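Please examine the model shown below.

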Amino acid sequence: MFKHRFWWSLVLSVPVVIFSPMVADLLGYHLPQFPGSDWISPVLGTVIFVYGGAPFLKGGLSELKSRQPGMMLLIAMAITVAFFASLVTSLGVGGFELDFWWELALLVTIMLLGHWMEMRALGAASSALDALAELLPDEAEKIPDDGGAPVEVPIAELAVGDTVLVRSGARVPADGQIIQGSAAFDESMITGESQAVERGTGDTVVAGTVATDNTVRVRINAVGADTALAGIQRMVADAQGSSSRAQALADRAAALLFWFALGAGIITAIVWTALGTPDEAVVRTVTVLVIACPHALGLAIPLVIALSTERAAKAGVLIKDRLALERMRTVDVVLFDKTGTLTEGAHAVTGTAPAPGTSEAQLLGLAAAAEADSEHPVARAIVFAAAHHPEASVLGLRGTDFSSAAGRGVRATVDGTEVMVGGPNMLRELGLSMPDQVQADVDGWVQRGAGVLHVLRDGQVIGALALEDRVRPESRATVKALQDRGVKVALITGDATQVAQTVGRELGIDEVFAEVLPQDKDTKVTALQSRGLSVAMVGDGVNDAPALTRAEVGIAIGAGTDVAMESAGVVLAGSDPRAVLSMIELSRVSYRKMIQNLVWAAGYNVISVPLAAGVLAPIGFVLSPAVGAVLMSLSTIVVALNAQLLRRIDLDPSRLATISDQDRRTAEREALPSIL
């Protein structure tokens with residue numbers, strides 16, 4: 001609606017401005033003269049007032065009925081006064097020189113543009129997500145229940161429990177779980193991460209992502225409104241509908257400005273009439289009421305919020321609640337959940353301790369061969385480590401006769417020998433002990449909270465492996481950058497104290513809460529708040545949801561659960577914790593722009609209205625209607641340009657928190673045990 005009314009009003013405004021005597025006098029050109037030329041501005045100006053001004057007139061009437069004057073009533077008052085003053089002048093009634101047709105046209109056009117820009121900017125994130133939804137395939141290859149050949153069906157016909165075939169280069173038609181095969185998936189449209197992610201049997205895949213190299217079979221577990229894309233779209237819709245204290249401030253400012261302008265107009269009329277110049281009283285009063293219209297104030301806050309929301313969406317930050325954006329600049333402490341937030345949430349081999357006579361390559365190769373048929377996350381971590389070890393990966397070891405025992409470990413036959421991999425329970429049951437050389441490493445691992453698996457060949461211990469939830473390299477940079485900004489960092493986890501303390505020391509975290517039960521996480525947030533601290537909570541799990549809600553700002557990692565995302569005010573599309581810094585940066589810059597625009601917009605009106613009323617008339621200075629109208633339009637341009645400067649902010653997390661070379665090398669060393 002605003003778009004269509006803006007373009008029509010803009011087209012009609014051009015001849016109105018050109019044929020305005022006030023503009024011609026101001027710019028010093030002669031008006032084109034032909035029969036009916038004097039009525040071009042009045043006729044087209046009336047059309048603009050009725051058609052383009054309709055939303056403001058209706059909004060102003062609504063505010064008047066509710067006795068809550070605000071932005072719409074102020075705009076409606078200004079354009080109505082400008083219309084009737086110009087109409088009286090055009091009809092030659094009273095001999096007034098109040099040709100405001102051009103100002104009326106520009107006033108309506110500018111306000112329509114402002115509202116259109118706000119709606120378009122607020123819809124930018126939604127439009128981008130709608131585009132993602134459009135990337136979904138129209139059809140899917142459904143595998144019949146009898147296991148026959150795949151059949152192409154519209155994705156609208158897919159149901160939970162159906163199995164589909166996703167070929168190399170094809171998009172996943174709906175959220176589901178891989179039941180056969182593995183492939184590298186391009187998930188950049190969801191997470192913003194350009195590198196393809198390996199997904200195998202048992203892993204979850206999201207609608208819209210692309211299988212880049214292999215064909216997989218996927219069992220559908222969510223369709224339609226239940227998919228991740230649909231959930232993200234709902235979050236953006238919530239953001240568009242959420243209110244803001246800053247916007248409320250602008251509305252209050254508009255209400256005060258309405259009474260200010262109305263009072264100034266009444267006083268102006270009374271004073272100039274008392275001075276014996278009723279004609280001047282009318283001119284001054286009309287000028288006051290027209291230039292009091294909040295061109296700039298109407299754009300000051302909405303435009304900043306709209307651009308901030310758009311910039312955040314492009315940076316992979318989805319703002320569900322605008323209040324979260326405003327509060328983020330005042331946060332005193334960021335409370336991170338450990339697993340899946342500061343750490344990767346998956347096991348990784350972080351240490352190897354081969355016994356004398358066994359090489360590291362043999363230890364990893366034999367363990368991986370024994371674990372190859374296991375779907376346990378620990379087994380996958382060992383297989384991954386062996387596959388990336390330059391020597392173990394070329395041994396070509398294969399296991400047969402695989403079997404597992406819950407809580408103890410696995411066994412398999414590898415090159416004619418029996419290989420077993422398991423924890424301390426397995427050693428106790430077999431009555432075995434670790435070689436001294438291995439035990440020293442194991443003691444160190446246990447002390448820092450790492451999990452330990454022992455590897456046996458033909459009943460003899462040949463070494464041990466340490467497995468831990470690896471710290472993200474981005475986490476170190478995030479903690480340091482936050483502390484450099486004066487923001488404290490705290491860690492909360494249900495893990496054992498020694499594990500939490502190890503991570504805390506490694507990252508230099510200010511405070512650690514360990515062994516916290518899920519239902520108690522929000523009480524820790526309350527404890528921090530009771531110290532007078534403003535808390536931002538970052539988490540990804542179901543057990544983080546209450547704490548996310550309790551905190552001043554709840555931030556969910558996009559790779560987390562639906563419950564966590566629904567409970568948070570902000571969702572990070574990827575898993576990079578450095579995006580928290582993007583939020584702080586955006587919050588501080590956008591708040592600064594809001595204040596700048598409010599000061600400029602309100603300050604202009606506070607100064608220009610008295611001048612238009614003639615307070616300096618005794619010294620010979622009177623603000624003419626033409627100059628007042630021009631200055632009003634210029635104030636709007638200043639506010640709009642100032643808000644547009646938000647597009648220049650760099651929200652790249654890698655710039656705000658740079659990973660040091662040492663941290664990068666550490667991450668590579670932990671990812672590839674071969675160079676430990």
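Strand β20 (residues 535–539) pairs with strand β21 (residues 553–557) in the parallel sense over four bridges; two strands count as paired if DSSP finds at least two bridges between them. Helices (H or I, at least four residues) and strands (E, at least two) are DSSP runs, numbered from the N terminus. Within this pair, Ala-536 stands opposite Val-553 in β21.

This is a predicted model, in which local features need pLDDT of at least 70, side-chain atom pairs count only at pLDDT 80 or more, and totals for chains, interfaces and linings use all residues. Residues are numbered from 1 along each chain as its sequence is written, and side-chain values use heavy atoms, with hydrogens and water left out.

Both strands belong to an open sheet of seven strands with mixed pairing, in the order β10-β22-β21-β20-β11-β18-β19. Its edge strands, β10 (317–319) and β19 (511–513), each pair on one side only. From one strand to the next, the twist averages 20 degrees. Helix α20 (residues 521–530) packs on the sheet, touching β11 (333–337), β18 (488–492), β19 and β20; contact means heavy atoms within 4.5 Å. The direction of α20 makes about 165 degrees with that of β11, where axes are lines fitted to C-alpha atoms, for helices over the stretch in contact, and angles run from 0 to 180 degrees between N-to-C directions.

Elsewhere, Trp-39 is found in the loop between α2 (21–27) and α3. Trp-39 is partly exposed, with a relative accessible area of 43%; buried means under 20%, exposed over 50%, and partly exposed in between (1.4 Å probe, protein chains only).
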